[in-house]
Structure formats: C-alpha cells, structure tokens
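I opened the model to look up a few things. My notes follow in the order I took them.

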Amino acid sequence: MSVEITWWGHATATVRDSGVRVLTDPLFVRRLAHLRRRRGAVPPAAAAVADVALVSHLHADHLHLGSLAKLLPGTRLVVPRGAGRAVPGLRRVVAARGLRVTEMAPGDVCTVGEVRIRAVPAAHDGRRLPYGPSRVPALGYVLSGESTTYFAGDTGLFDRMAEAVGACDVALLPVGGWGPYLGPGHLDAGRAAQALARLGARCAVPVHYGTYWPIGMDAIRPHEFHAPGDDFVRHAGRLAPDAVVHRLVHGECVRLEPAR
C-alpha cells in the first residue's frame with residue numbers, strides 16, 4: 001500500500017495514488033451561509049488541482065458550486081446520479097469550466113488513470129435543500145490503486161456497510177459536523193470507531209469536524225467542534241486496536257507505505 005493523503009478541512013482531502021490526484025468534496029471558502037471557517041486557512045489554489053474530484057452528495061458544504069468553479073478545465077467530476085438535474089447551477093459550472101462529468105449510483109465504477117473508483121451507498125439524506133425531496137443518492141467512494149481507500153462522504157452506520165465497501169487499507173471517516181448537534185445519518189467519534197472496526201481498515205483519517213461552525217454559536221457545546229478528532233483516536237484505540245489513526249491538522253499530509 002502506498003498512498004498520500006492531505007486533509008484540507010471539513011470533508012475536503014486530496015488522495016494521491018498511482019500518480020492520480022483525487023479531490024474529495026471540494027470546499028474552498030471562508031464562509032458558507034451561516035457557517036464560518038474557524039480553524040485552518042482556506043486551502044491554497046494548488047488544492048484545486050486534481051485529476052478527478054468526487055462529490056458525495058448534494059448538500060451545499062459538499063457540492064459547493066463556487067469551489068467546483070476553481071477546478072481546472074478538463075478535470076473529471078464524479079457526482080451522484082441525477083445531480084445535474086437536481087442542481088441547475090452545477091450544469092452552468094460544468095459548462096463554464098469545461099469539466100468532464102460522470103454521474104454514478106451505488107455499484108457503478110469508473111477509472112481515472114490507474115485508479116478505479118467505485119460508488120458505494122451512504123446512509124444520509126443528501127437532498128439539495130430547499131428544493132425538497134430528491135431521489136439523488138448520497139454516496140461514498142472506494143478508490144483502488146496501489147492501495148484501497150474508502151471515502152465515506154457523510155453517512156451513518158448501516159447494515160452491510162463492510163460488505164458494501166469491501167476490504168480497504170485506509171478509511172476517511174466523518175467524525176463530527178458543523179454544528180452543536182448531529183442529526184441522523186451522521187457518524188460521531190464513537191460511531192466512526194465502530195465503522196472502522198467493521199471495515200477492518202489498517203489506517204484511518206478522521207475528517208468532517210473542527211473546521212466550520214455557525215456564526216454566533218461559539219459558546220454552545222464548543223466541545224462538539226474541538227473534541228471529535230481526539231475522541232475518535234480514543235474510541236478507535238478501544239474498538240479497532242489494530243488500526244493506526246492519523247489525526248491530521250488542516251493542510252497536513254501523511255504518506256502511508258506498505259506494511260512490512
């Protein structure tokens with residue numbers, strides 16, 4: 001296994017495998033509606049350079065049109081099937097930037113360079129509010145190159161999770177959120193550790209925490225902002241003791257080499 005992971009904050013990371021740069025859920029802004037970035041600098045322009053960008057679901061902090069507009073022309077963009085129909089602005093960004101779009105549903109596969117990308121289910125309500133009900137699925141993705149990396153997107157625990165994902169070396173798991181309370185369809189630090197134990201991954205990187213927080217709510221349950229990364233390390237040590245957790249700071253990179 002050889003893979004390099006850089007965490008930019010929230011659900012945004014760059015996974016380099018087999019010479020392919022995979023960018024997850026790009027979000028490159030200081031403020032999004034009622035949220036502001038409280039930790040970590042806005043990612044540099046180089047963070048938007050990718051061979052393929054993955055979007056897990058339609059929520060604005062995962063499918064962010066302004067951030068997708070920073071991708072270079074010709075970048076492959078992988079989105080849930082139906083996203084172009086559900087989000088009209090996405091079609092405008094794709095046309096303006098010359099992006100190459102692939103829409104996927106669970107079980108679909110595409111290949112970029114030497115990396116195979118497989119869409120897997122996620123237990124999350126991924127509709128694009130305020131447009132109402134949507135049949136566009138929330139997804140996770142499994143990247144197979146020199147290593148196998150699972151990017152969970154945003155999800156809760158679900159039956160047959162390990163079967164859907166399959167064997168993986170590295171798991172990028174959400175461990176928190178952007179507000180004082182997590183609704184259904186999310187992983188907190190404890191549930192993320194349960195997911196890691198089910199998956200049997202050798203390494204994990206916690207994401208989706210400690211970046212954005214609602215304006216004016218700094219004093220409300222601040223531990224939900226600060227603690228999830230460390231809590232995940234602690235829970236994983238108990239529930240998945242054979243896994244190594246790399247709790248990165250914003251902009252930090254880790255290179256994972258084959259086990260010896």
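Which residues is W8 in contact with, leaving aside its neighbours within four places in sequence? I listed A13, T14, L23, R37, P43, P44, A47, H250 and G251. Contact here means heavy atoms within 4.5 Å.

**Ground rules.** I noted that this is a predicted model, in which local features need pLDDT of at least 70 and side-chain atom pairs count only at pLDDT 80 or more, while totals for chains, interfaces and linings use all residues. Residues are numbered from 1 along each chain as its sequence is written, and side-chain values use heavy atoms, with hydrogens and water left out.

**W8.** I placed W8 in strand β1. Strands (E, at least two residues) and helices (H or I, at least four) are DSSP runs, numbered from the N terminus. W8 has 14% relative accessibility, so I count it as buried. The cut-offs for relative accessible area are under 20% for buried, over 50% for exposed, and partly exposed in between, with a 1.4 Å probe and protein chains only. I also checked W8 against F232. The two are 224 residues apart along the chain, and their C-alpha atoms are separated by 18 Å.

**The sheet with β1.** I traced an open sheet of 7 strands, in the order β8-β7-β6-β3-β2-β1-β17. Its pairing is mixed. Two strands count as paired if DSSP finds at least two bridges between them. The twist averages 20° from one strand to the next. Strands of a sheet pair through backbone hydrogen bonds, either parallel or antiparallel.

I then went strand by strand. β1 (residues 3-9) runs antiparallel to β2, joined by 5 bridges. G9 has T12 as its bridge partner in β2. β2 (residues 12-17) is also antiparallel to β3, again over 5 bridges. There V15 stands opposite V22 of β3. The hairpin of β2 and β3 has 2 residues between the strands, and S18 in it takes a positive phi near 55°.

**β3.** Is β3 enclosed or open? I found 5 of the 5 residues of β3 (residues 20-24) buried, so the strand is largely enclosed by the rest of the structure. V20, V22 and T24 point one way, R21 and L23 the other. R21 is buried along with the others. With β6 (residues 52-54), β3 pairs in the parallel sense over 3 bridges. L23 stands opposite A53 there.

**The other sheet.** I traced another open sheet of 7 strands, ordered β9-β10-β11-β12-β13-β14-β16, with mixed pairing. Its edge strands are β9 (109-112) and β16 (244-245), each pairing on one side only. Inside it, β12 (residues 148-151) and β13 (residues 170-174) are parallel over 3 bridges. Y150 has A171 as its bridge partner in β13.

Which strands does α5 lie across? I noted β12, β13, β14 (203-207) and β16, with α5 running at about 155° to β13. Axes are lines fitted to C-alpha atoms, for helices over the stretch in contact, and angles run from 0 to 180 degrees between N-to-C directions.

I then paired α5 (residues 189-199) with α7 (residues 228-239). Their axes come within 8 Å and cross at roughly 40°. That makes α5 oblique to α7. Under 35 degrees counts as roughly parallel, over 145 as roughly antiparallel, 65 to 115 as roughly perpendicular, and the rest as oblique. The crossing is right-handed, meaning that the near helix is turned clockwise from the far one by less than a right angle.

From α5 I listed A189, G190, A192, A193, Q194, L196 and A197. They meet P228, D231, F232, H235, A236 and L239 of α7. By class, this contact has 9 nonpolar, 3 polar and 1 charged residues. Ala, Val, Leu, Ile, Met, Phe, Trp, Tyr, Cys and Pro count as nonpolar, Asp, Glu, Lys and Arg as charged, and the others, Gly among them, as polar.

**Positive phi in loops.** R160 has a positive phi of about 65° although it is not a glycine. I placed R160 in the loop between β12 and α4 (161-165). At 59% relative accessibility, R160 is exposed. R221 has a positive phi of about 50°, and it is not a glycine either. R221 sits in the loop between β15 (212-214) and α6 (223-226). At 31% relative accessibility, R221 is partly exposed.
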